[in-house]
Amino acid sequence: MDKTGIEKMLRPKSVAVIGASATPGKIGYTVIKNLLKDGYKGKIYPINQKESEILGLKCYPEIGQVPGEIDSAVMCVPAKVMAEVVEECGRKGVKGALVITSGFSEIGRKDLEDEVVRIARHYGMRILGPNIVGTLSNSEKFNGSFAPCLPLPGKNSLVTQSGALLIAMDMATYSRRIGYEKMISIGNMADVDFADLIEWFQDDEETSCVSLYIEGLRDGRRFIDVAKKSNKPIIALKSGVSAHGAAAAASHTGSLAGGAKVYSAAFKQAGVIQATDLDNLFYRGLTLSMQPPMKGDNFLIITNGGGNGVLATDAAERFGIPLKFAPDDVQAEMKKHMPEYGSAKNPVDMTGMAGNDWYYETVKFAIMNKWTDSVVVLYCETAITDPAEIAASIKRAVDDSGVKDKPITVSFVGGEKSDKAIGWMVENGIPAFFAPDTAVNAMAALREYAKLQENKKSDGAKTDEKAKKLALEVIAAARADGRTSLTEIEAKKVFELYGMPTTKIGLAKTEEEAVKLSKEIGYPIVMKIVSPDILHKSDAGGVKVNIKTEAEAREAYNTILKNAKAYKADANIHGIAVQEMAPWGTEVILGSVSDPSFGPTVMFGLGGIFVEVLKDVTFRVTPVSKAEAEEMVSEIRGAPILSGVRGEAPRDRKAIIETIIKYSSMIYDLMDEIAESDANPVLVYAQGEGLRVADARIILKKK
Ligand code: ADP
Ligand code: MG
């Protein structure tokens, strides 16, 4: 997409404030005051029909009368005249507008918003908002907003869907001493959305990390595509995950799907690091903006206090970067800078005796050593040391090491002096925090970033044209029959077309047909009710397994029909599915739902009671790559069950991964047709012996 409009609105050489006001307290006044006060160097044109001058600047009655060129317009006029004003801006050649005014889609007036965007598009103009606080840029000294001041400078930039949060975080940058380069309020996203800004930030040299506060994404797929290509870290805090929750749905997957899990999956796939809360967004963002990724798993914790070291060790495990013992040569070196009773293992505990020199020597060696991928330095304030000097020693050790590609984070626990030392460290490019857990969590973000970068390289599945064509025929036939769900026989056919092994199966409409089919397939067999009105067959007494003889087959046929009629008198019954009985295996589930933001997603988890009770499932947005399918299998809590517990042989992991990929292609290819689907259970056998889809369900989109 053309970045000009965004470039002009974020780095304008001239700006018009439309709806400028001479009355203090009005937004149209505040914006002009802020532009002047915070040192904006470009031209400012207040537009107001009555005033001749505002805050010493010449006023124009309308934008068309401004003599020079105008890059960007800040809109403060009422919503009802916005379309007209945008039209005038378009004619004047304005390429970007920050629409501060509210009263659009957020109060149900999407029509007004659509009109504004329609006109803007006509003139090749981009719209940020409406319903925004504005934008702040330290490098441009541009405060085109009603936020009180520019944030404390930093290399991190924020895009937020909450304007109130922008103002609050802006001021918090000073109390927390965590700086930002740009803060952008994105508002209703009528035009410019997160993906557009992420794209724009790629070329913003002032920004080295993009932080996002997200309530909801409109085009989740584009977000993933754009974020995947980002050359700088992106960290996102997603709120409102419960409201997004699952719609009441006919299959298990529907009730398991949740905004939270889908968003987390999408962030992973997009290579976006997730923040768990606001605090986390602040300090992980700071760290990502200052330090390189942590490229391997080895890191040293260096401390002068045992307790701090243990806390950090616990945190390391909690945040996914478990600590390892340092190799002997590293330990030997560390021993030189600690008393006899210190510990060189990792955490490296120099004890309370540690002074400036020990910190200097230890940190410098740790960074330069080839084993270490990163270093977390902890300090507890003591009576014999000065936090400022310790901070200076750490900084000097980093500089003297000459190493630039290994990250470091620091924690100082103590009083005012420690507090000051933290500020000094951050000003000098080293992320420093109050608590050891925070320093470790920040480091974990750098490790996550490195891992996500590796994963981003893999690509998704390709469309299987032949399978798709035949599957669409099966679906069309069901639709012609007036149905919005496939029978198990049809669903299994579609699964087969995509290469997933199912069971031999046939439909019997009479007892004699059932007996004949049973013989053809071979005992033992399974019989199930086939009815578009009975989706959960067991609940209706509609499944009989392990049928071994003709007599049993006759009895099962009649019992199932009787049960089904008792369950639902007016059910439309197609007949009985007679199928091969698959040998017993570990039950897993595959499912799919269509997410409102990301479209088709697939779910994987353990089947049976695990899915009903433990909800031990994981999601990915389709198409799912091999690496992603592998992750899915590894990340469920029940993963050890698949590796073989209590002497059981490991399950066929390779077959599961292949099946997830095939299932993902099926869901991706048929996204216009399938609303949701599942395969529950899929029976998984020992390594090398594959798996079988024992039950399949496909529910179609209503058309
Ligand atoms: P429901 O509609 O109730 O989910 P299923 O088709 O999943 O019905 O059947 C219920 C159970 O019967 C399954 O969980 C599985 O244990 C067993 N089962 C179903 N079909 C087969 C089969 N072809 N081979 C072996 N076991 C089967
Ligand atoms: Mg089932």
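Colleague: Which residues come nearest to ligand 1?

Modeller: Keep in mind that this is a predicted model. Of the 18 residues around ligand 1, the nearest are K528, K537, S538, A582 and D695.

Colleague: What does the backbone of K537 do there?

Modeller: A polar backbone atom of K537 is 2.8 Å from an oxygen atom of ligand 1. A582 also uses its backbone: one of its N or O atoms there lies 2.9 Å from a nitrogen atom of the ligand.

Colleague: OK, and where does the side chain of E587 come in?

Modeller: An N or O atom in the E587 side chain is 3.3 Å from an oxygen atom of ligand 1.

Colleague: How much of ligand 1 does the protein bury?

Modeller: The protein buries 83% of the 540 Å² that ligand 1 exposes when taken alone.

Colleague: And which pocket is ligand 1 in?

Modeller: Ligand 1 sits in the second largest pocket.

Colleague: Which strands each supply at least two residues of the shell?

Modeller: Those are β21 (525–530), β22 (543–547), β23 (575–580) and β27 (674–684).

Colleague: How many residues of each class does that shell have?

Modeller: The shell around ligand 1 has 8 nonpolar residues, along with 5 polar and 5 charged ones.

Colleague: Switching topic: how many aromatic pairs turn up in the whole structure?

Modeller: The search finds 11 of them. One is Y263 with F267, a tilted pair with 5.9 Å from centre to centre and 55° between the planes.

Colleague: Where do Y263 and F267 lie?

Modeller: Both are in helix α9 (residues 259–270), and they are 4 residues apart, about one turn of the helix.

Colleague: Now the backbone. What kind of peptide bond joins G129 and P130?

Modeller: That one is cis, with omega at about 0°. P130 is in the loop between β7 (126–128) and β8 (134–137).

Colleague: What about the bond from T622 to P623?

Modeller: The T622 to P623 bond is cis too, with omega near -5°. You'll find P623 in the loop between β26 (617–621) and α22 (626–635).

Colleague: Last one: is the phi of K141 positive or negative?

Modeller: Positive, at about 50°, although K141 is not a glycine. Look for K141 in the loop between β8 and β9 (142–145).

Technical notes. Residues numbered from 1 in each chain as written. Chains lettered and ligands numbered in written order. Predicted model: local features only at pLDDT ≥ 70, side-chain atom pairs only at ≥ 80, totals over all residues. Heavy atoms only, no water. Near = heavy atom within 4 Å. Polar contact = N/O pair within 3.5 Å; in protein donor to acceptor, adjacent residues only side chain to side chain. Areas by Shrake-Rupley, 256 points an atom, 1.4 Å probe, with all protein chains shown as cover. 1 Å grid on protein atoms, 1.4 Å probe; cavity = no way out; pocket = protein on both sides within 12 Å on 5 of 7 lines; lining within 4 Å. Sits in = over half its atoms within 2 Å of the grid points. Nonpolar A, V, L, I, M, F, W, Y, C, P; charged D, E, K, R; others polar. Phe/Tyr/Trp six-rings, centres within 6.5 Å; stacked < 30°, edge-to-face > 60°.
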